[in-house]
Amino acid sequence: QTIQRIPNVEGGWNLIPESVIISPDCTHIAYKMQRGIGIIVVLDGIPSRVYRKVGELTFSENHNQLFYRARELGAWYIVRNYRPYNFREFIADPIPSPNGYGWAAVFKSPIKQQLCVNGKDSPTFDEINQQSIRFSPDSKQIAYFARRGHHWYVQFNDKTAGPYEDVAQAPVYDELSEQLAYIAKHNGQWYVVQNHEPWTPVNDAAGLQFHPKSHLRLKIRPTF
């Protein structure tokens, strides 16, 4: 009831209860409201423009920036707080960077897929593994897995590594954002690839984790 009695929203709008989220530091609140076919996003009592569709609301871990995907007529926008960015056919909700100011989201162009990072379009692939997208801790780099035909690649910033027969899990950055590691399959064998050089043979169930001093740890999980 307290949420619905906000002075900046005119009558007739109904709260979508499952959309309510609170920022990590508990100082901001955001949620969706609907009236007919229109949807608005309310951030700290201030409503957005009216959209037809709105994706999942997400606060960044730092600086408590609100991100979501929204659509009027046509393609989608990526919205940060109250401002829409980049009109694209986005097919996934935005991923905030650790510092809270950057974002990445996959879009279709027209039948291929690309990643838009802070408004800049990355190379075209047949498929981008959305669950593999990782920002570096300093938010200045990004890495992810993507497929062309039957081969997989690792896209990191403006460079591409591969082709590989397959990839597993997701890329991992060290705490200083200086090293990158991932698991990839080449000539029938799985390898840990660190800084794009094969490191050691593993199985695809291995887990990667960097030691605080940027030494790579390999956690082996048995396969059955």
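**Ground rules.** Because the model is predicted, I took local features only at pLDDT of at least 70 and side-chain atom pairs only at pLDDT 80 or more, while totals for chains, interfaces and linings use all residues. Residues are numbered from 1 along each chain as its sequence is written, and side-chain values use heavy atoms, with hydrogens and water left out.

**Lys 32.** I found Lys 32 in strand S2, residues 29-35. Strands here are DSSP runs of E with at least two residues, numbered from the N terminus. Lys 32 is buried and has no salt bridge. Buried means under 20% relative accessible area, exposed over 50%, partly exposed in between (1.4 Å probe, protein chains only). A salt bridge needs a side-chain nitrogen of Lys or Arg within 4 Å of a carboxyl oxygen of Asp or Glu. The nearest side chain of opposite charge is Asp 93, 7.5 Å away. I then looked for a polar atom by the Lys 32 side chain: the backbone oxygen of Val 54 lies 3.2 Å from one of its polar atoms. Beyond four places in sequence, Lys 32 has contacts (heavy atoms within 4.5 Å) that include Asn 14, Ile 40 and Glu 56.

**Cysteines.** I looked for disulfides, meaning cysteine sulfur atoms within 2.5 Å of each other, and the structure holds zero. Cys 26 is exposed at 62% relative accessible area. Cys 116 is buried at 0%.

**First sheet.** Four strands form an open sheet in the order S1-S2-S3-S4, with antiparallel pairing. S1 (14-22) and S4 (46-47) are the edge strands, each pairing on one side only. Pairing requires at least two bridges found by DSSP. S3 (residues 38-43) and S4 have two bridges, and Leu 43 has Ile 46 as its bridge partner.

**Gln 65.** This residue sits in the loop between S6 (58-59) and S7 (66-71). Is Gln 65 buried or exposed? It counts as buried, at 11% relative accessibility. Its side chain makes a 2.8 Å polar contact with that of Asn 81. A polar contact is a pair of N or O atoms within 3.5 Å; within protein, one must be able to donate a hydrogen and the other to accept it, and residues adjacent in sequence count only if both atoms are side-chain atoms.

**S7 to S9.** Five bridges join antiparallel S7 and S8. Phe 67 stands opposite Arg 80 in S8. Arg 80 also stands opposite Arg 83 in S9. The hairpin of S8 and S9 has two residues between the strands, and Asn 81 in the turn has a positive phi of about 60°.

Definitions and conventions:
Lys, Arg positive; Asp, Glu negative; His and termini not counted.
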